[in-house]
Amino acid sequence: MHIRADGFIVAFMKLSTIIEKSLNEQLALELSSAHVYLGMAAYFEHTPFSGFARWMEVQYGEELEHAKKFFKYIAERGGKIKLQSLSEPKSEYKTALEAFQVSLAHEQKVSAAICALYELANSEKDFATVSFLKWFIDEQVEEEKNVGDLVVKLEMVGDNRNGLFQLDHHAGKRGQKS
Ligand code: MG
């Protein structure tokens with residue numbers, strides 16, 4: 001524990017400058033992920049695939065939750081939260097498959113960023129951050145699996161309308177209480 005100059009009591013040891021910067025970068029990436037998924041939701045809103053639209057909207061909400069976890073953690077450790085502006089997300093795709101392929105590539109990029117941050121926290125001996133990041137590593141395994149499964153299924157159904165609408169129907173159940 002330490003006490004900041006303004007009297008604020010901070011749990012655990014102080015964040016190093018490099019960890020603080022990297023956590024803020026990850027916060028920005030999570031917020032931009034939310035924006036990417038909202039762009040995908042917007043695309044699906046203009047198609048008959050209301051289930052995929054719903055799936056993307058749920059994903060958007062999850063990314064916001066991820067961002068909030070970083071936001072709170074930086075503050076908890078006495079770091080300075082630094083927000084960045086967001087760039088315009090893509091909201092035009094050729095097919096549902098293309099949107100989910102972009103989503104998978106995006107999740108792989110996020111996984112790499114989380115792992116790099118984990119490695120940095122380890123080398124800086126910031127074990128509280130190492131522990132905090134473990135949840136995100138598990139979460140990324142799940143994210144890649146979920147999106148990857150949909151990509152494979154969409155590839156399998158191809159242009160088959162029945163198959164597409166079945167997948168859409170199934171995707172629309174995401175986040176619903178059963
Ligand atoms: Mg995320």
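**First stop: H4 against H5**

Start by selecting Lys153, Leu154 and Val157 in H4, which meet Gly163, Leu164 and Leu167 in H5; contact here means heavy atoms within 4.5 Å. Before going on, note that this is a predicted model, where local features need pLDDT of at least 70, side-chain atom pairs count only at pLDDT 80 or more, and totals for chains, interfaces and linings use all residues. Residues are numbered from 1 along each chain as its sequence is written, and side-chain values use heavy atoms, with hydrogens and water left out.

Now show H4 and helix H5 (residues 161-171) whole: they pack at an angle of about 160°, their axes 9 Å apart. Axes are lines fitted to C-alpha atoms, for helices over the stretch in contact, and angles run from 0 to 180 degrees between N-to-C directions. H4 and H5 are therefore roughly antiparallel (over 145 degrees; under 35 counts as roughly parallel, 65 to 115 as roughly perpendicular and the rest as oblique). The crossing of H4 and H5 is right-handed, that is, the near helix is turned clockwise from the far one by less than a right angle, with anticlockwise giving left-handed.

**Zoom out**

The whole protein has five helices and two strands, in the order β-β-α-α-α-α-α along the sequence. Helices (H or I, at least four residues) and strands (E, at least two) are DSSP runs, numbered from the N terminus. The C-alpha trace spans about 60 × 30 × 25 Å along its principal axes. Of the 178 residues, 42% are buried (under 20% relative accessible area with a 1.4 Å probe, protein chains only; exposed is over 50%, partly exposed in between).

**H2 beside H3**

Next, pick H2 and H3, whose axes come within 13 Å and cross at roughly 15°. H2 and H3 are therefore roughly parallel, and H2 passes H3 in a left-handed crossing. To see the contact, select Phe52, Trp55, Met56, Gln59, Glu63 and Phe70 of H2 with Ala96, Phe100, Glu107, Ile114 and Leu117 of H3.

How many aromatic pairs does the structure hold? There are 13, where rings of Phe, Tyr and Trp (its six-membered ring) pair if their centres lie within 6.5 Å; planes under 30 degrees apart count as stacked, over 60 as edge-to-face and the rest as tilted. Go to Phe70 and Phe132: their ring centres are 5.2 Å apart with planes at 90°, so this pair is edge-to-face. It ties together distant parts of the chain, 62 residues apart, with Phe70 in helix H2 (residues 50-76) and Phe132 in helix H4 (residues 127-157). Phe70 and Phe132 are both buried.

Phe132 and Phe136 sit four residues apart in H4, about one helical turn.

For a cluster linked by ring pairs, select Tyr43, Phe44, Phe49, Phe52, Trp55, Tyr93, Phe100 and Phe165. Then show Lys90, over the face of Tyr93 at 4.7 Å from the ring centre, and Lys69, over the face of Trp135 at 4.2 Å. To count, NZ of Lys or CZ of Arg must be within 6 Å of the ring centre and within 35 degrees of the ring normal.

**Last stop: Asp126**

Finish in the loop between helix H3 (96-123) and H4, at Asp126. Is Asp126 buried or exposed? Asp126 is buried, with a relative accessible area of 2%. Beyond neighbours within four places in sequence, Asp126 contacts Met13, Leu15, Ile19, Tyr73, Arg77 and Ala121.
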